[in-house]
Amino acid sequence: MTRLQAGGGRGHADAEAVLAAFARTDGDVAAARRVARQFADLDEGERSALLWSEDPGARLVAVLLFVQAARERPDPELTDEYLAAAKAERFDDTALVDLAAEEIVGAPLVGGSTGPLFALVKSDVAMVRRIAVVATLAFAKRGDAEVPLAIAGRLVRERSETVQSALGWVLRETGKRASEPALVAFLERSGRFLTPAARQTATEHLPGAERDRLGG
């Protein structure tokens with residue numbers, strides 16, 4: 001298989017060529033996005049090799065490649081492999097969830113059964129539970145507060161910072177993009193179970209008096 005040469009045109013790239021390209025960058029998310037765009041036509045097998053790699057940079061680029069592929073053509077196999085990697089505890093960086101769960105896991109479920117999200121809530125793996133939370137952004141951004149708040153209600157008592165930090169973020173976005181009254185009602189009912197940091201994030205967009213009342 002011919003590698004993609006640095007500075008050259010597109011060829012039949014492989015996972016090693018992607019890693020070499022990423023190694024020449026600052027190694028941050030912005031750089032990973034550039035590399036993912038450069039290798040958008042990477043073979044599915046090579047993309048999978050990156051996802052299951054021991055190299056953190058490889059996994060980051062792989063997840064962004066999965067997002068690009070899902071945008072171009074939603075495919076249940078993309079979702080299945082992404083979740084398989086998460087369930088196998090290959091994700092040790094929350095960015096691998098936050099950059100992808102909405103589009104790879106959440107978006108395909110909009111307008112259909114949300115059962116798969118509630119199944120993820122029951123996982124023993126904290127990153128998988130975080131995926132369940134972050135995936136609901138796909139619903140919140142379409143004006144649906146019910147699904148995000150239902151998932152949050154299942155996890156609000158969780159003490160894991162991996163999950164709590166996602167709850168704060170997604171609750172805030174649900175209030176901003178879907179329904180502030182629904183968020184306020186949720187916080188009145190269950191906000192005391194959130195960690196202080198998560199509660200502060202969830203309420204930071206609310207008017208000052210309301211934020212103080214809800215303990216933000």
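Visitor: Why does glutamate 173 count as buried?

Guide: In this predicted model, the relative accessibility of glutamate 173 is 7%, and since the word buried is kept for values under 20%, glutamate 173 falls on the buried side of that cut-off. The residue lies in helix H12, which covers residues 161–177, and, leaving aside residues up to four places away in sequence, glutamate 173 touches Leu137 and Ala178.

Visitor: What makes the pair of lysine 176 and glutamate 173 a salt bridge?

Guide: The closest N and O atoms of lysine 176 and glutamate 173 are 3.6 Å apart, and because the cut-off for a side-chain nitrogen of Lys or Arg and a carboxyl oxygen of Asp or Glu is within 4 Å, the pair is called a salt bridge. Lysine 176 and glutamate 173 are 3 residues apart in helix H12, which means that about one helical turn separates them. Salt bridges that share partners also join Arg172, Glu173, Lys176, Arg177 and Glu204 into one network.

Visitor: How many salt bridges does the structure hold, and which residue meets arginine 90 in one of them?

Guide: The structure holds 13 salt bridges, and one of them brings the side chain of arginine 90 together with that of glutamate 54 at 3.0 Å, taken from N to O. Arginine 90 belongs to the loop between H5 and helix H6 (95–98), while glutamate 54 belongs to the loop between helix H3 (44–51) and helix H4 (56–72), so the pair ties together parts that are 36 residues apart in sequence. Another salt bridge links arginine 73 with aspartate 75, where the closest N and O atoms are 3.6 Å apart.

Visitor: How do you know whether arginine 90 is buried or exposed, and whether glutamate 54 is buried or exposed?

Guide: Arginine 90 has a relative accessible area of 19% and is therefore buried, as the cut-off is under 20%. Glutamate 54 has a relative accessibility of 63% and therefore counts as exposed, as that word needs a value over 50%.

Visitor: Which residues gather in a patch of negative charge on the surface, and what makes aspartate 80 count as exposed?

Guide: The patch is formed by Asp43, Glu44, Glu77 and Asp80. Aspartate 80 is found in helix H5, residues 76–87, and with 51% relative accessibility aspartate 80 counts as exposed, because the cut-off is over 50%.

Visitor: Where is arginine 199 found, and is arginine 199 buried or exposed?

Guide: Arginine 199 sits in helix H14, residues 196–203, and its relative accessible area of 16% makes it buried, since buried means under 20%.

Notes: Residues are numbered from 1 along each chain as its sequence is written. This is a predicted model: local features need pLDDT of at least 70, side-chain atom pairs count only at pLDDT 80 or more; totals for chains, interfaces and linings use all residues. Side-chain values use heavy atoms; hydrogens and water are left out. Patches are made of residues with over 30% relative accessible area and no salt bridge: like charges are joined within 9 Å, nonpolar side chains (Val, Leu, Ile, Met, Phe, Trp, Tyr) within 5 Å. Accessible areas come from the Shrake-Rupley method with a 1.4 Å probe; for residues, only the protein chains shown count as cover. Lys and Arg count as positive and Asp and Glu as negative; His and the chain ends are not counted. The place of a charge is taken as NZ of Lys, CZ of Arg, CG of Asp or CD of Glu. Helices (H or I, at least four residues) and strands (E, at least two) are DSSP runs, numbered from the N terminus. Buried means under 20% relative accessible area, exposed over 50%, partly exposed in between (1.4 Å probe, protein chains only). Contact means heavy atoms within 4.5 Å.
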